[in-house]
Amino acid sequence: MPNKDLKLQDIKFKMCKRNDFLKIREINEDAFKGNETSPITFKVSERLHRTTIFIAEHDGKPVGYVYGMRSQVVPEEGWIRQVAVIKDYQRKGIARELQKRCIDAFRKMDGVKYIELSVKPENTPAINLYKSLGFNFSKTEPGYETIEIYGKIAIKDYYGHGEHRFIMQKEL
Ligand SMILES: CC(C)(COP(=O)(O)OP(=O)(O)OC[C@H]1O[C@@H](n2cnc3c(N)ncnc32)[C@H](O)[C@@H]1OP(=O)(O)O)[C@@H](O)C(=O)NCCC(=O)NCCS
């Protein structure tokens with residue numbers, strides 16, 4: 001358990017290095033218990049997108065990560081695939097700081113003009129986080145139908161049957 005007086009200044013934020021996928025996996029297991037992501041995904045991401053992946057550590061313990069990737073088909077687009085903080089360290093500003101670093105990394109890339117991400121309509125913590133960083137709801141996605149959820153337009157079956165998502169976008 002972290003000290004309840006833990007401050008954001010106690011957390012170290014680092015760009016992803018080789019073999020950090022194991023740290024990301026460890027955080028993912030805690031944050032997404034029962035719905036973990038394959039470690040292969042993280043290994044591939046580490047190899048291809050290291051400069052837009054950041055890890056938060058406390059006294060050497062991995063506690064959070066964000067991973068972004070630049071689109072290879074739309075060079076103006078950055079995509080934030082996932083952000084997670086282990087349960088005992090949530091609500092201390094760690095995810096917001098991770099996201100800021102990822103956004104800055106995209107901003108420094110020549111030609112990236114906006115960032116998008118998808119989020120489950122019921123994931124209020126994540127939606128609030130993204131809104132606090134200036135992400136807005138984006139209403140359409142080429143080739144997909146839409147569906148209204150909680151009064152907002154979501155992309156229908158985005159990740160397969162019944163897996164609707166909001167798409168959110170931030171201009172750089
Ligand atoms: C979403 C998640 C990454 C937030 O991490 P965090 O480090 O706790 O977030 P922060 O402390 O930086 O919070 C930043 C803002 O997000 C929002 N937020 C975070 N947790 C929230 C919660 N439980 N309820 C409502 N809003 C919340 C708030 O607006 C918060 O700002 P505030 O504290 O000034 O009010 C974390 O809850 C998590 O890992 N969840 C499981 C994985 C997940 O769903 N990831 C997102 C989809 S990929």
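## Val-66 and the nonpolar core

Apart from its neighbours within four places in sequence, Val-66 is in contact with Phe-54, Ile-80, Val-83, Leu-98, Gln-99 and Cys-102 in this predicted model. Val-66 is also among the residues with the most contacts inside the largest nonpolar core, a group of 39 residues in which Phe-54, Tyr-65, Val-85, Ile-94, Leu-98 and Cys-102 are named alongside it. Several elements each supply at least two residues of this core, including helix H1 (21-31), strand E2 (53-58), strand E3 (61-70) and strand E9 (166-171), while H3 gives the most, with 7 residues.

## The sheet and its helices

An open sheet is formed by 7 strands in the order E1-E2-E3-E4-E5-E9-E6, and the pairing is mixed. Strand E1 (12-15) and strand E6 (136-138) each have a single partner strand, so they stand at the edges with one side left without a neighbour in the sheet. From one strand to the next, the twist averages 30 degrees.

H1 lies across E2, E3 and E4 and runs at about 105 degrees to E3.

## Around the ligand

The ligand is surrounded by 20 residues, of which the closest are Gln-90, Ala-95, Pro-125, Asn-128 and Leu-129. Strand E4 (77-85), helix H3 (94-108) and helix H4 (124-132) are the elements that give two or more residues to this shell, and the largest share, 6 residues, comes from H4. By type, the shell divides into 10 nonpolar, 7 polar and 3 charged residues.

Note on methods
Residues numbered from 1 in each chain as written. Predicted model: local features only at pLDDT ≥ 70, side-chain atom pairs only at ≥ 80, totals over all residues. Near = placed C-beta within 6 Å. Helix = DSSP H or I, 4+ residues; strand = E, 2+ residues; numbered from the N terminus. Nonpolar A, V, L, I, M, F, W, Y, C, P; charged D, E, K, R; others polar. Core = buried A, V, L, I, M, F, W, Y, C linked by C-beta atoms within 7 Å. Buried ≥ 20, exposed ≤ 12 C-beta atoms within 10 Å, placed from the backbone. Contact = placed C-beta atoms within 7 Å. Pairing = 2+ DSSP bridges. Axes fitted to C-alpha atoms, helices over the stretch in contact; angles between N-to-C directions.
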